[in-house]
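Have the model open while you read.

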Amino acid sequence: MNRVLIAEDLYLLRDGLVHLLQAHGFTVVAAVESGPELLKGLLELRPDVSIVDVRLPPTHTDEGLQASLAARKQIPGLPVLVLSQHVEQLYARELLADGSGGIGYLLKDRVFNAEQFVDAVRRVAEGGTAMDPEVIAKLIASNARNEPLAALTPREREVLEAMAEGRSNAAISQRLYLSESAVAKHTASIFAKLGLAPSDDDNRRVLAVLAYLNSR
Amino acid sequence: MLRRYGRVLALLALIVVQAAMAGVMSVMLLLSFALGMVFLFPPQAMLVRELAELNRRLVRDWTDVTIESPYLPAPPPPVPQADGMYRSDRTLYKTPRVPAWNNRWKWLVSDPATWRDEVWLLLDPLVKVVLAPLLLLLPGRGLRVYGLWSKKLLDPTAASRLAGQVSHLQRTRNLAADSQAAEMRRIERDLHDGTQARLVAIGMTLGAVEQLVETDPKAAKALLAKARDASSETLTELRRVIRGIHPPVLAERGLADAVRALAMDSPLDVTVEVSLPHRPEAPVEAAVYFAVSELLSNAARHGDARTATVDISTNAATLRVTVTDDGMGGADPAKGSGLAGIERRLAAFDGVLAVHSPPGGPTTVSMELPNVLPTYWTGASTKMPRWKTATVVILWATAWCPTFPQGIVAGIFKVFGIEEKTWFLALHLPEPWQWPTITGMILLGVLMHVMAIRIPATHDREKFMADATPTKPWC
């Protein structure tokens, strides 16, 4: 569960990522710098997790995103963590569209906090999700008019945001200074209000929430 | 039929007015130039223009001949110098009256259209008299012939059309340069007040860390965390600035997806319809993107709208954008600076903005950017008319005949004195005509080849230049 592929065109950042991940016990199987190389690496090496920059050569557009989407079409659920200088709902929705887990979409700034970043990489590698708080805020804002969401209490909304970012109950309880049972109670209430089927599995629960947010 | 006769009679009746006018105008012209009563010239020229404009309108309405107005734009009002005086050549004036009059005089005298109008006024009554039988017998045909005659003198010449285009381009270029300079200043301010200041703060924090790291490692660690947060904030700030310069999603995905991303981020419920076969040029994409962004945020902020529709489509080389919202309406480009800003941005592409926003809504804003899309999208420009294609095919099919057998081969036969005449025309002719015929044949063949190459090559250019080609007796 620790073979990782890195696709990033800036040498300094690529090197930094390699060192960071090696220091945390990952094996970097490849560090590539262009879209075609990335797609080849994803399909042939099938890394446990890949860290991919959206903008890559040769076109410097959304090469990395396209390669990730193409690879995940062939190998459903192939874990990919997409990094970008900016987050767009549009890209998040495309990444979430297939409904299988193992997906992450974070701002590059999040690399600053090594522990949280490595935690996000692990989560994605295990089939979970790691969504940037900024993109979750945007997704929720564009659902603001939606009745069930408006019915949530402020606390429930905080829990929903944390959950949509891909965090487990334990992580949420730590972040919001709540007991785990309180978090469980809030999640049960959120699921009831949104009309989603409750589930004990963290990942499946997150996916249900994201699918809900993505559906409009 | 009856209506046509009515028109013909009206045109003929105008002869009386025109003849009288022509007399008076000639006298005024004579007085102003022969006797130096120059003050008579501008009113005279303006009166002639009125009459010519009337004739243009009548011809436009009554026949299928279109005549455009050829006049150069009027000079701008004089601008005072720093000392409050108005300059005209080397003289300074206290009031703008004399410089304004001078400019007006120069404008009227130097515009070729003024003189073409005068010639038209003198000749038109005569032409009408000559055409009278045709007009009365075949009014339809006659009106058309009269329209064509009017077009000869009243339509803009290539020169005046180009001059008009130049002044229009100058105006739009200034607008574009202005709005670009304003953008630059805004970006400079953003970077200066935001990003730069934050980086200075980070640098200072790091300096403090350097001093504390040995004496008070705990405080140093706290400061480092602060510096990291500050760098994160700087990045957020920088992202905002970059979005204002050129949104990343526009660079990465193009107009269609960038507008979709805009729609997702908008608090409104936005429906996006885009039908673009390819990506337009980057400046066009940016102008449209920022216009749509401004309109959507206007609708959300002032219009109190809940839903909006964005429709982007093409019509030949024209890009059409329509943004509709169900807000309370009452938007006015004259009041809101946002709409004026969009107008300025679009002006660089000759784009026009139409706002339909009755009080109570809904608001529809449509933008049209003519000729911004490459013509190969439509595939219309390269198609030649059938007769041209036929000519080219015939030329290629026959040009070999005069060049080779009748020209070069016949020449070789003659040089080497071969008796055989076969079907070579030149060799059947009497001796003195043989060489001229051979040379003529070769020249004809070469000419045909050149034509066959030139016709398709010049076709595109002709289409492009069609509006500005001098087809008039003088330009």
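Let's start where Arg116(B), Val119(B), Trp120(B), Val127(B), Leu131(B), Leu134(B) and Leu135(B) in helix 4 of chain B meet Pro139(B), Arg141(B), Gly142(B), Val145(B), Tyr146(B), Trp149(B), Leu153(B) and Leu154(B) in helix 5 of chain B. Keep in mind that this is a predicted model. Sorted by class, the contact between helix 4 and helix 5 of chain B has twelve nonpolar, one polar and two charged residues. Helix 5 of chain B covers residues 139-154, and the two helices pack at an angle of about 165 degrees. Angles over 145 degrees count as roughly antiparallel, so that is how helix 4 of chain B runs relative to helix 5 of chain B. The crossing of this pair is right-handed.

| Helix pair | Angle between axes | Axis separation |
|---|---|---|
| Helix 1 (2-34) and helix 4 (112-137) of chain B | about 160 degrees | 9 Å |
| Helix 4 and helix 5 (139-154) of chain B | about 165 degrees | 10 Å |
| Helix 2 (41-62) and helix 3 (97-110) of chain B | about 50 degrees | 10 Å |

Helix 4 of chain B also packs against helix 1 of chain B, at about 160 degrees, and this pair is therefore roughly antiparallel too. The crossing here is left-handed. On the helix 1 side of chain B the contact includes Val8(B), Leu11(B), Leu12(B), Ile15(B) and Gln18(B), while helix 4 of chain B brings in Leu121(B), Leu122(B), Asp124(B), Pro125(B) and Lys128(B), among others. The class count for helix 1 with helix 4 of chain B comes to 14 nonpolar, one polar and two charged residues.

Where does Leu30(B) lie? It belongs to helix 1 of chain B. Is Leu30(B) buried or exposed? With 12 other C-beta atoms within 10 Å, Leu30(B) counts as exposed. The C-alpha atoms of Leu30(B) and Leu40(B), ten residues apart along the chain, are separated by 9.7 Å.

Helix 2 and helix 3 of chain B meet at about 50 degrees, so they are oblique to each other. Their crossing is left-handed. Phe41(B), Pro42(B) and Ala45(B) of helix 2 of chain B touch Arg104(B), Trp105(B) and Leu108(B) of helix 3 of chain B. By class, that contact splits into five nonpolar, no polar and one charged residues.

In soluble globular proteins, nonpolar side chains tend to be buried together. The largest nonpolar core here has 96 residues, and those with the most contacts inside it are Leu81(A), Tyr105(A), Ala291(B) and Val292(B). Helix 10 (residues 282-301) of chain B gives the largest share of this core, nine residues. Leaving out residues up to four places away in sequence, Val292(B) touches Val259(B), Leu262(B), Val310(B), Val321(B) and Val323(B). A second, separate core has twelve residues, including Ala22(B), Val59(B), Leu108(B) and Leu153(B).

Last up is the interface. How many residues does each chain put into the contact? Chain B gives 15 residues and chain A gives 13 residues. On the chain B side, the elements with two or more residues touching chain A are helix 7 (217-245), helix 8 (248-253) and helix 9 (255-265) of chain B. The chain B side divides into seven nonpolar, one polar and seven charged residues.

Note on methods. Residues numbered from 1 in each chain as written. Chains lettered and ligands numbered in written order. Predicted model: local features only at pLDDT ≥ 70, side-chain atom pairs only at ≥ 80, totals over all residues. Contact = placed C-beta atoms within 7 Å. Helix = DSSP H or I, 4+ residues; strand = E, 2+ residues; numbered from the N terminus. Nonpolar A, V, L, I, M, F, W, Y, C, P; charged D, E, K, R; others polar. Core = buried A, V, L, I, M, F, W, Y, C linked by C-beta atoms within 7 Å. Buried ≥ 20, exposed ≤ 12 C-beta atoms within 10 Å, placed from the backbone. Axes fitted to C-alpha atoms, helices over the stretch in contact; angles between N-to-C directions. Parallel < 35°, antiparallel > 145°, perpendicular 65-115°, else oblique. Left-handed = near helix turned anticlockwise from the far one by under 90°.
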